[in-house]
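Here are my notes for you, written as a few numbered points. Keep the viewer open and click along as you read.

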Amino acid sequence: MATAAARAADWAAFATAALSLGTGLALVERTAAYVKQRTQFGRPIGSFQAVKHRLADALIGLEFARPLLYGAAVALAARPANGARAEVAAAKVAAGEAAYTAARTALQLHGALGYTDEYDLSLWIRKARALRTAWGSPSVCRSRVLAAASSRPDRS
């Protein structure tokens with residue numbers, strides 16, 4: 001029974017990581033569209049180097065999380081119970097942190113508009129914040145990854 005519960009928790013954490021990745025990508029996509037429309041000093045704010053760098057940093061974090069998520073999916077499908085815990089934890093922390101960074105970036109680039117409930121951005125930001133800690137906080141997931149790494153035999 002405990003093994004089945006642990007396996008279900010791994011699947012839930014994996015699903016949360018996948019949702020985080022999708023949320024982060026949606027936030028970057030919507031923010032990129034917004035900065036192309038909003039103008040400041042007679043130019044779209046998306047043309048400013050600082051804005052481009054913020055969006056690029058958010059997207060890079062999400063793209064680095066993607067292969068970890070794929071690896072966790074393979075590990076969950078191929079290994080027996082609890083065999084994929086470290087891979088799922090790595091994917092969850094990477095996707096959750098990247099989505100949270102994308103949410104903070106989106107909020108800053110949208111300005112005060114991002115706080116309003118009338119605008120969908122506030123829903124996406126709340127989702128990214130909630131997914132970051134659901135089914136294992138970043139510190140718990142990092143601990144799982146480190147515990148798995150320290151329990152492996154030295155291959156030197």
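1. Is Phe14 buried or exposed? Phe14 comes out at 15% relative accessibility, so it counts as buried. Do keep in mind that you're looking at a predicted model.

2. Phe14 also has a ring partner. The structure holds 1 aromatic pair, made by Trp11 and Phe14. Trp11 is partly exposed, because its relative accessibility is 40%. An α-helix has 3.6 residues a turn, so residues three or four places apart point the same way.

3. Now have a look at the largest nonpolar core, which has 32 residues. Leu27, Val35 and Val88 are the ones that touch the most other members. Helices α1, α2 (49-78), α3 and α4 (121-133) each put in at least two residues, and the largest share, 10 residues, comes from α3. Click on Val88 and you'll find Phe14 again: leaving aside neighbours within four places in sequence, Val88 is in contact with Asp10, Ala13, Phe14, Ala72 and Leu76.

4. How many of its residues are buried? The count is 19 of 26, so α3 is mostly covered. Just after α3 comes Gly111, with a positive phi of about 70°.

5. His110 is part of helix α3. With 4% relative accessibility, His110 counts as buried. What does its side chain reach? The side chain of His110 gets to the backbone oxygen of Ala106, at 2.9 Å. Not counting residues up to four places away in sequence, His110 touches Arg30, Thr31, Tyr34, Tyr119 and Leu121.

6. Last, two spots where a side chain lies over a ring. The charged end of Lys127 sits over the ring of Trp124, 5.1 Å from the ring's centre. Arg132 lies over the face of Tyr100, and here the distance to the ring centre is 4.4 Å.

Notes: Residues numbered from 1 in each chain as written. Predicted model: local features only at pLDDT ≥ 70, side-chain atom pairs only at ≥ 80, totals over all residues. Heavy atoms only, no water. Phe/Tyr/Trp six-rings, centres within 6.5 Å; stacked < 30°, edge-to-face > 60°. Buried < 20%, exposed > 50% of the residue type's maximum accessible area, 1.4 Å probe, protein only. Lys NZ or Arg CZ within 6 Å of the ring centre and 35° of its normal. Helix = DSSP H or I, 4+ residues; strand = E, 2+ residues; numbered from the N terminus. Polar contact = N/O pair within 3.5 Å; in protein donor to acceptor, adjacent residues only side chain to side chain. Contact = heavy atoms within 4.5 Å. Core = buried A, V, L, I, M, F, W, Y, C linked by side-chain atoms within 4.5 Å.
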